[in-house]
Structure formats: C-alpha cells, structure tokens
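Visitor: I am new to reading protein structures. Could you walk me through this one?

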Amino acid sequence: MSGVNEKKVAALEAVKYVKSGMKVGLGTGSTAFYMIQAIGEMVKNGLNIKAVATSVETEKLAKSLGIEIITLAEAKRLDITIDGADEVNEEFQLIKGGGGALLREKIVAHNTDLNIIIADSSKRVSRLGKFKLPIETIPFATQLIISELEAMNLEPIQRLKGDQVYRTDENNDIIDVNIWNCDEPLSDLEQCLKAIPGIVETGLFLTTTNVVIVAEGEKAVSRKR
Ligand SMILES: O=C(CO)[C@H](O)[C@H](O)COP(=O)(O)O
C-alpha cells in the first residue's frame, strides 16, 4: 500500500458524481485539495458548474483553477458537496474542523442535497473521539467557555497558530476538546455544547452525510446511507 495516495484515490472516485449544470460545495483540507484539483481539470475539459467554497483557502485554490465561485446566497441550494473529515464512523457520523473550517462546512452541508465525505483509511473509526473535537467560539466568550468545558471534564485547549491565537475565516476562536470519555450520546453532547452562549458550532456532523468514500490502498470503497 506504500506509495498510494489514498486521499487522491477517494477524491477521484467522488468527482464522478459531479455533472454539468450542478451547484457544487467544495470542502476544505488536504483531501479536498485533490477533489478541487480534479474538478479544476474537469472544468478545463468543458464541465460547467458553479461552486461554493467552504473556506478562503478553498476559494483561492478553486479560482486559481478556473472554477466559478458563487456565494451560498446566490446558490440557494447545492446539488452536491464533497468534503473531507478528521474521523468517520460506521453510522456516517463525523468529526470535522481539524482545518478550522467547520462553521462554513456545516452551513454548506446543511444546504446540500447530497453530501459526500472523502477520506483515507486512517480516518475510519469504530468510535469517534480519538481526534479532539473542534468547537468554534466567539472571542468575547472564549475564556469563560473554556472554564465551563473544564468543569465538564472535556480538557479544553484553545487552538493556537504559532504563538498567536488561531482565528477562523469568521474571526472566531477554536477550542479543541476531548470527548473520548463522554458516555452520553453524541447528539446529547452536541445539544449541550450548542446550548452554551458563545459556542457558534461544533465539529460533530451527525446527520448530514449521505455517502462516504474511503480509500483502502488503490481501491475506493463507497458506502451510501
Ligand atoms: O474539516 C476539515 C477542515 O475544517 C477537514 O475536512 C478535515 O480537517 C480533514 O482534513 P484533511 O483532509 O486535511 O485530513
């Protein structure tokens, strides 16, 4: 399996779903990178799509490849979104936000008919939570939210970029928490976190995913919900 780029294998399988006339959500991250590159090639060869980007980084890349970017308001609804994940379980549930784009990614996923997640085999897990769950917070509230999350035994750590506070495209903070020891159902945890004022979004994507494509070496294995 060495030498096989599983991220690219999954991405190339996913772009087969993209057809002319579609409005397409473009994810963020190193796996999404291969999907955007492949769509860029397809556009050069005549594919006619409009796309919504889930981050500034993705928007720049897509534009550099000649992909037409529109706003979500202009798109209103997307036919398909292809995005990566930090973890995916057998129930099509995800942890996302390692790349910090979880807020736009969740908004885009919510407004999409068919959400496809692409991943290398290391992302497939039987239980979510080895990867720290990113939570996006309003800077005004971040320190108090950290105290609240500490009281919930979630071991919060504010994300940094070098020695500076990490800021999202929306100018918010990210707190990474440890949910591995949480016994409650993920949907309850999500509800509980979203009830704290100042938490804008969490990286738990529990219901939006329709198709998961995981590469196992050179083979792309698709599962549909
Ligand atoms: O959620 C994300 C960005 O916010 C990414 O999809 C996730 O972090 C996976 O990234 P990569 O493909 O680089 O491993």
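Visitor: How far can the model be trusted, and what is its mean pLDDT?
Guide: This is a predicted model, where local features need pLDDT of at least 70, side-chain atom pairs count only at pLDDT 80 or more, and totals for chains, interfaces and linings use all residues. Residues are numbered from 1 along each chain as its sequence is written, and side-chain values use heavy atoms, with hydrogens and water left out. The model scores ipTM 0.98 and pTM 0.97. pLDDT is the predictor's confidence in each residue, from 0 to 100; 99% of the residues reach 70 or more, and the mean is 97.

Visitor: How many helices and strands are there in the chain?
Guide: Both are DSSP runs, numbered from the N terminus: helices are H or I with at least four residues, and strands are E with at least two. By that count the chain has seven helices and 16 strands.

Visitor: Why does the radius of gyration agree with a compact globule?
Guide: The radius is taken over C-alpha atoms, and the globule rule is 2.2 Å times the number of residues to the power 0.38. Along its principal axes, the C-alpha trace spans about 55 × 35 × 35 Å. For 225 residues a compact globule would come out near 17 Å, and the chain agrees because its own value is 17 Å.

Visitor: What share of the residues is buried?
Guide: Buried means under 20% relative accessible area, exposed means over 50%, and partly exposed is in between (1.4 Å probe, protein chains only). Among the 225 residues of the chain, the buried share is 51%.

Visitor: What share of the contacts in the chain with a separation of 6 or more joins residues 24 or more positions apart?
Guide: A contact means heavy atoms within 4.5 Å. Of the contacts with a separation of 6 or more, those between residues 24 or more positions apart make up 74%.

Visitor: Is Ile80 buried or exposed?
Guide: Ile80 sits in strand β4. Not counting residues up to four places away in sequence, Ile80 touches several others, including Tyr17, Met22, Leu114 and Ile116. Its relative accessible area is 0%, so Ile80 is buried.

Visitor: Which residue of strand β7 does Thr209 touch, if we look at Asn115?
Guide: Thr209 lies in the loop between β14 (204–205) and β15 (211–216), and with a relative accessible area of 2% it is buried. Asn115 has its place in strand β7 (residues 112–120), and is buried as well, because its relative accessibility is 5%. Leaving aside neighbours within four places in sequence, the contacts of Asn115 include Thr81, Ala109 and Thr208. Thr209, for its part, touches Phe92 and Leu94, among others, and also Asn115.

Visitor: What is phi of Phe92?
Guide: Phe92 is found in the loop between β5 and β6 (94–95). Phe92 counts as buried because its relative accessibility is 9%. Its phi is positive, in a residue other than glycine, and is near 65°.

Visitor: Is Lys76 buried or exposed?
Guide: Lys76 is in the loop between α4 (72–75) and β4. It has a positive phi of about 65° although it is not a glycine. At 65% relative accessibility, Lys76 counts as exposed.

Visitor: How far apart in space are Asp86 and Gly98, C-alpha to C-alpha?
Guide: Asp86 lies in the loop between β4 (78–83) and β5 (87–88), and counts as buried at 18% relative accessibility. Leaving aside neighbours within four places in sequence, its contacts include Ile95, Lys123, Phe131 and Gly98. Asp86 and Gly98 are 12 residues apart in sequence, and their C-alpha atoms are separated by 6.4 Å.

Visitor: Which residues is Ile157 in contact with, leaving aside its neighbours within four places in sequence?
Guide: Ile157 lies in strand β9 (residues 157–158), and counts as exposed because its relative accessibility is 55%. Pro134 is 23 residues away from Ile157 in sequence and 9.5 Å away in space, C-alpha to C-alpha. The contacts of Ile157, with those neighbours left aside, are Ile174, Ile175 and Asp176.
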